[in-house]
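Please consult the sequence and the structure alongside the text.

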Amino acid sequence: MFVRDPGGQEGLHRLISNKLGLKLLNSAHGPSYPSESYEFFSTSLLFRYKNHKWLVATIEDIMNPKRRTALIDRLANGIGYISTDFEKFGGFFVQAIIELPLDHRGVNLLGYPVAGVVDTTSADGKVVVEYSDRKDYFGGDMDKARGDLAHALAGAPNAEKVFLLSGQRIKPQATQEFVREALALPEMQGRSLHLWGAVEIATQLVDHLIVSDAVVRKLAPYLPELERIRQEEAASRAVPEPEDTWLQRPDVDSEIVDRLSRSSVVALSGVGGLGKTAMARAFADVHQSDYHVRIWLDGDEVRRVEDLQALPLLRAGESRNIVGLMQTLPCLLVIDDAPADMDLRRLEKICGAGSHIILTQRSTSSTSYSLPMLDRPQSQALLAQAGAPCPDEVFDTIWATIHGHPLSLSLILAAVNQGASWQDIVQDC
């Protein structure tokens with residue numbers, strides 16, 4: 001069901017999910033929107049501007065209900081099999097949902113439970129979480145859950161939100177009575193209690209987290225079904241993997257990191273064959289843990305910044321809007337062979353916290369980073385990947401002819417690996 005955003009177009013208010021509820025975030029100077037209709041996706045919400053009104057829909061409204069139910073059931077079944085690793089899984093899950101600094105003290109460095117401590121607390125002490133893999137945790141007399149609640153309140157006296165998580169499905173009759181009694185306790189005044197079993201956790205994964213590559217990478221070792229669902233659904237505009245022969249260039253990588261620390265957008269420039277595209281692919285691979293989502297676009301798809309609003313991104317079988325993701329999750333967007341007149345300042349405005357954009361361009365400007373040629377040792381290291389060693393005198397001839405041009409060196413490497421001799425290479429130089 002769609003609901004109207006009272007902010008309207010003037011001083012746009014965007015309704016964003018903070019995973020524990022909905023909050024209004026004010027954007028004082030929103031972009032210009034069409035007068036008739038417009039829509040975009042955030043991580044878990046669809047924003048639609050129509051007839052001068054902002055309408056907001058959640059994933060429950062957008063996704064086919066039967067498909068959503070099926071995905072939740074599959075993940076809930078998988079969560080039930082996590083067993084002894086549930087606390088480690090739960091720690092990663094809660095961290096992704098709450099998005100606050102958390103202290104996980106319930107397991108030690110070896111992954112074994114630590115007795116006598118609260119499992120997880122937020123840095124400000126306002127959120128406390130206890131985990132259990134017991135099959136009767138949310139059933140029967142719920143003695144273990146009662147003990148965990150008392151333990152959580154004693155260990156985190158300033159807690160405002162208390163979460164009890166289990167890998168088992170909740171039994172409604174038992175939990176309803178438990179919640180009623182718990183909320184009636186004097187020590188629960190002013191606090192909220194959240195019981196999340198396998199179905200509730202799976203629902204959060206489907207509605208909020210499955211779009212995040214980073215979250216899936218962390219949770220999939222404990223919940224393989226999550227990765228299988230991602231693999232079953234085609235992912236559009238995914239970042240290509242680096243070539244097997246790619247030579248790491250830490251000097252260039254460090255320069256890109258430094259530039260992105262000062263600006264959310266960096267343009268890699270230079271003549272064809274310098275390795276701009278290969279470097280962008282390698283950077284996305286090396287730094288994948290820094291981003292929830294990595295996106296690759298060809299310059300032909302994006303002639304203007306406005307084009308990004310109309311480009312959908314398919315993740316986990318659902319269409320997401322690139323701009324919405326960039327503003328609400330740490331994302332890396334690569335636009336390969338971008339137009340020379342792409343407005344970098346306007347690109348910076350669509351980047352939320354932790355999001356970056358890398359452009360590759362042949363045209364060079366005062367603000368772009370012109371990729372250097374490979375130096376002599378790097379060039380030798382690249383050709384050393386050939387099946388037959390490159391003689392020193394042959395390398396001297398190659399270096400005198402093409403110096404450290406990455407594409408030319410890669411073509412030579414490919415020719416040798418396909419049967420050409422180094423003497424053949426010398427004759428062609």
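A residue is called buried when its relative accessible area is under 20%, exposed when that area is over 50%, and partly exposed in between. The model described here is a predicted one.

## Arg281 in helix H10

Arg281 belongs to helix H10, which covers residues 276–286. The relative accessible area of Arg281 is 16%, so this residue is buried. Apart from its neighbours within four places in sequence, Arg281 is in contact with Pro240, Glu241, Pro242, Glu243 and Trp296.

Helix H10 itself lies across strands S12, S13, S16 and S17. Its direction runs at about 160 degrees to that of S17.

## The five-stranded parallel sheet

The sheet is open and consists of five strands in the order S13-S16-S17-S12-S18, with parallel pairing.

Strands of a sheet pair through backbone hydrogen bonds, in either a parallel or an antiparallel manner. S13 (residues 293–298) runs parallel to S16 and is joined to it by six bridges. S16 is also joined to S17 (residues 356–361), through four bridges and again in the parallel sense. In that pairing, Leu332 stands opposite His356 of S17. S12 (residues 265–269) and S17 are parallel and pair over five bridges, with Ala267 opposite Leu359 of S17.

## Strand S16 and Asp336

Strand S16 spans residues 331–336, and six of its six residues are buried; the strand is therefore largely enclosed by the rest of the structure.

Asp336 lies in strand S16 and has a relative accessible area of 13%, so it counts as buried. Asp298 stands opposite Asp336 of S16. With residues up to four places away in sequence set aside, Asp336 touches Thr277, Trp296, Leu297, Asp298, Gly299 and Thr360. Asp336 and Val302 are separated by 34 residues in sequence, and their C-alpha atoms are 9.6 Å apart in space.

S9 pairs with strand S8 (residues 120–122) in the antiparallel sense over two bridges, and Thr120 stands opposite Val129 of S9. S8 and S9 form a hairpin with four residues between them. Gly125, in the turn of this hairpin, has a positive phi of about 75 degrees. S9 also pairs with strand S10 (residues 161–166), in this case in the parallel sense over six bridges. Glu130 stands opposite Leu164 of S10.

## Packing of helices H3 and H6

Two packed helices are described by the angle and the distance between their axes. The axes of H3 (residues 86–98) and H6 (residues 198–209) come within 11 Å and cross at roughly 40 degrees. An angle under 35 degrees would count as roughly parallel, and one of 65 to 115 degrees as roughly perpendicular. H3 and H6 are therefore oblique to each other, and their crossing is left-handed.

On the H3 side, the contact is made by Phe86, Phe89, Phe93, Ala96 and Ile97. On the H6 side, the contributing residues are Ile201, Gln204, Leu205 and Leu209. Classified by residue type, this contact of H3 with H6 contains eight nonpolar residues, one polar residue and no charged residues.

## Ser379 in helix H13

Ser379 is located in helix H13 (residues 376–383). Its relative accessibility is 0%, so Ser379 counts as buried. When neighbours within four places in sequence are left aside, Ser379 is in contact with Leu374, Phe395, Trp399, His403, Gly404 and Leu409.

Technical notes. Residues numbered from 1 in each chain as written. Predicted model: local features only at pLDDT ≥ 70, side-chain atom pairs only at ≥ 80, totals over all residues. Heavy atoms only, no water. Axes fitted to C-alpha atoms, helices over the stretch in contact; angles between N-to-C directions. Parallel < 35°, antiparallel > 145°, perpendicular 65-115°, else oblique. Left-handed = near helix turned anticlockwise from the far one by under 90°. Contact = heavy atoms within 4.5 Å. Nonpolar A, V, L, I, M, F, W, Y, C, P; charged D, E, K, R; others polar. Buried < 20%, exposed > 50% of the residue type's maximum accessible area, 1.4 Å probe, protein only. Pairing = 2+ DSSP bridges.
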